[in-house]
Amino acid sequence: MGNSQKIGFIGLGIMGAPMAGHLVSAGHEVFINTRSKIPEELVNTSAIACSSPAEVASKADIIITMVPDTPDVEKVLFGENGVASGLSKGKIVVDMSSISPIATKEFAKKINDLGCEYLDAPVSGGQLGAKSATLTIMVGGGDTTFSRVKPIFELMGKNITLVGGNGAGQITKVANQIIVALNIEAVAEALVFASKAGADPAKVREALMGGFASSKILEVHGERMIKRTFDPGFRIELHQKDLNLALSSAKALGVSLPNTATAQELLNSCSAHGGKSWDHSAIVRALEKLANFEIGQKS
């Protein structure tokens, strides 16, 4: 592929902007487009702003999308002045959003029918992982296409796995979000319980970090719960979207996800109390309301 590639990046939110920035810093020719204004961190770089997804697709050989939800991806790819209208044969479309596995397979087929390749490559690691280029990237698609794009992925992440064909990346991301939600909820329950029982939650967390209950969730999100720092690394409304994907897919498959449903209801409660933009660690606030007790207050 050579040292410098022509790469398109569509969707420059709190994760997309730093991800695109890593590609620019690596010396690639990067064509960018977003529905709001270009983030300040990219304004004075070599990134080239384009007026539409179609323009990005016409100029780049690899086109990456990083937008919030399934309808957003569909609009960017197939809407008016969408990516599809700017593609020519042999190009590669890489969707790094977290969306429906079923829709992903449909999108891939449409792109394949245009003579282009498609990878679904959702990520985990949040804003911090995007900034530090340590994202976990779960990929669905063909072996050859994956091998061609892997050097690009390595500029944005560390744990990069080809899971299977198109849709497999999104299936893995849904599974990831189930595990993350249930772990956050478990940490929240434990800290609310310990704090209301009279123990210092910070000391409880410190003790648990040395045992079998230790986890990245306890380390990072447990600290956020104790320090009450709920500025988003990953917004509650986005995790709600991912759990909706899990529950709707599970219904179609005839699979029961009882604890995922409970976690979703707690997130729904947070959202109802004005918290859709809180970090997902703020699920603890829903449990605190049920307990009529906030972590750290005197019992």
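Helix α14 provides the largest share of the lining of the largest cavity, namely three residues. The model described here is predicted.

A search of the whole structure finds one cavity of 30 Å³ or more. The space inside the largest cavity amounts to about 30 Å³. Its lining is formed by S269, C270, H273, W278, R285, A286 and K289. At least two of the lining residues come from each of α13 (258–272) and α14 (283–291). By class, three lining residues of this cavity are nonpolar, two are polar and two are charged.

The second largest pocket has a volume of about 270 Å³. Of the 14 residues lining this pocket, P101, I171, V174, S249 and L253 are the closest to its centre. Helices α6 (101–113), α9 (168–196) and α12 (236–253) each contribute at least two residues to the pocket lining, and the largest share, five residues, belongs to α12.

The volumes and residue classes of the two spaces are listed below.

| Space | Volume | Nonpolar residues in lining | Polar residues in lining | Charged residues in lining |
|---|---|---|---|---|
| Second largest pocket | about 270 Å³ | twelve | one | one |

Elsewhere in the chain, strands β8 (residues 135–140) and β9 (residues 157–164) run parallel and are joined by six bridges. Within this pairing, I137 stands opposite I160 in β9. Together with helix α8 (residues 143–153), strands β8 and β9 make a right-handed β-α-β unit. In a regular strand, side chains alternate between the two faces of the sheet.

Notes:
Residues are numbered from 1 along each chain as its sequence is written. This is a predicted model: local features need pLDDT of at least 70, side-chain atom pairs count only at pLDDT 80 or more; totals for chains, interfaces and linings use all residues. Side-chain values use heavy atoms; hydrogens and water are left out. Two strands pair if DSSP finds at least two bridges between them. Helices (H or I, at least four residues) and strands (E, at least two) are DSSP runs, numbered from the N terminus. A crossover is right-handed if, with the strands pointing away from the viewer, the path from the first strand over the helix to the second runs clockwise. On a 1 Å grid over the protein atoms alone, a cavity is a set of points where a 1.4 Å probe fits but cannot get out, and a pocket is an open set with protein on both sides within 12 Å along at least five of seven lines; lining residues have an atom within 4 Å of a point. Grid points are joined across faces, edges and corners, and a volume is the space filled by probe spheres set on the points. Ala, Val, Leu, Ile, Met, Phe, Trp, Tyr, Cys and Pro count as nonpolar, Asp, Glu, Lys and Arg as charged, and the others, Gly among them, as polar.
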